[in-house]
Amino acid sequence: MNMTIRKETLRDQRAHMLAASPGWRASDARVNPRVAIGSIIAMWLIYFLITTGLALLAGAAEQWGAIGRRAIVVIAGILCTFALYQLIQRVQPKSFGARLAVAMGAAVPLVVIYASINLLVFFYWFPSGDTQKIIEEVQSKFPIAWETVLILDSSIRWYFFFAVWAALYVAFGYANEMRAVERRANSYRVEAQAAQLRALHYQVNPHFLFNTLNSLSTLVMRGSQAEAETMIMNLSSFLRSSLAIDPEQLVSLDEEMALQRLYLQIEQARFPDRLQVEVAMPKELENARVPVLILQPIIENAIKYGVAPSKGRIAIRLSASSEYGLLVIRIENDIDPAAPAPESGTGLGLGNVRERLITRYGPVAGCEWGRSDSGGFAVSLWLPIAGEGH
């Protein structure tokens, strides 16, 4: 029931996040105002310096007057480009092509305004000696609408200037959006990984409780009241310890072994004469980090398929070692050849262990199982000694 609620809640949260994504895309595509305004000023300042420098090198006449006129036009260009920036910022279609088309279209009226200001400054307000020659030349070809011709000619030449800045702005915005999409994709992956780890972890508890309650039922039916009471107390201690730990948390190998000892004490009450536990864990590996309850399904299987059907004493051996930068844990149990073969399991327990390791660490971790050289059954799992996964 809790798992169903948890999955439904996670599904609802994702649906809400996806529904909100169009609004996020519009904001993601906006460039930092300081960067945008700085690029506008830098572009026009570079134009002013290059144009003035070339005129000085060419020895053009009336340079100081031309510098003043050019400065006025540059200020007008800055204001027109800033207006273009405001227009693009307010219109953010979803696709890159649509944004680029909007930017190119928005540049048209503003470049016409700029060309008109350019005409007023150089031909009406502050005409130079060459102005009249240009007017006469244009009037000879277009006697009625010479101003319109000059504005159109200037607009065509200046449109490229405005269009380049608009295209760069859209490109920067698109790059920002792609980074935001990548961040959200990473967030979804982390969320999905966390949900999967929790789901795999929560599969352990029902599986474990089912087996333990079966054991408890056997003791009650057999009339072993003292053993049943001991099992209940140990079960209470185990559940209190395991449920207090976050399923995504890593614990030290020593802490994981302490949890497994609590479980083995539960089973010891059921099989006092048949269960023997041997632990070989180097001191230097006690603080190695492992997923909590990662050994639980393996030890349960050893009890269910090794100890339960046997008639004699069965040993469960747990060992840990360090190999090539990996923590390798091996759990091996004897098999009584005289015992009847138990029914094959569902594969949930060992499959759960493998999935938890691969989900957290990727292909660097894993789990394998099969018959051991001594005739028993062995499970080996490996994971990085340091780090918490990819």
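The structure is a predicted model, in which local features need pLDDT of at least 70 and side-chain atom pairs count only at pLDDT 80 or more, whereas totals for chains, interfaces and linings use all residues. Residues are numbered from 1 along each chain as its sequence is written, and side-chain values use heavy atoms, with hydrogens and water left out.

An open sheet with mixed pairing is formed by 5 strands in the order β2-β4-β5-β7-β6; here strands (E, at least two residues) and helices (H or I, at least four) are DSSP runs numbered from the N terminus, and two strands pair if DSSP finds at least two bridges between them. The edges are taken by β2 (275–280) and β6 (366–371), each of which has a single partner strand, so one side of each is left without a neighbour in the sheet. On average, and with direction ignored, neighbouring strands of this sheet are turned by 15 degrees against each other, where axes are lines fitted to C-alpha atoms, for helices over the stretch in contact, and angles run from 0 to 180 degrees between N-to-C directions. Strand β6 is joined by 6 bridges to β7 (residues 377–384), and the two run antiparallel; G366 stands opposite W382 in β7.

Helix α8 (residues 253–270) packs on the sheet, where it touches β2, β4 (314–323) and β5 (326–333), and its direction makes about 170 degrees with that of β2; contact means heavy atoms within 4.5 Å. Helix α9 (residues 296–307) lies across β2, β4, β5 and β7, and runs at about 145 degrees to β4.

A nonpolar surface patch of about 460 Å² is made by I46, I50, L54 and L57, of which I46 lies in helix α2 (residues 33–58). Such patches are made of residues with over 30% relative accessible area and no salt bridge, nonpolar side chains (Val, Leu, Ile, Met, Phe, Trp, Tyr) being joined within 5 Å and like charges within 9 Å; a salt bridge is a side-chain nitrogen of Lys or Arg within 4 Å of a carboxyl oxygen of Asp or Glu. Accessible areas come from the Shrake-Rupley method with a 1.4 Å probe, and for residues only the protein chains shown count as cover.

In helix α6 (residues 146–222) lies S155, which counts as buried at 6% relative accessibility (buried means under 20% relative accessible area, exposed over 50%, and partly exposed in between). Not counting residues up to four places away in sequence, S155 touches V111, V112 and A115. A167 also lies in helix α6 and is partly exposed, with a relative accessible area of 27%. Leaving aside neighbours within four places in sequence, A167 is in contact with L100 and M104, while A167 and A103, 64 residues apart in sequence, are 7.1 Å apart in space, C-alpha to C-alpha.

Methods. Buried < 20%, exposed > 50% of the residue type's maximum accessible area, 1.4 Å probe, protein only.
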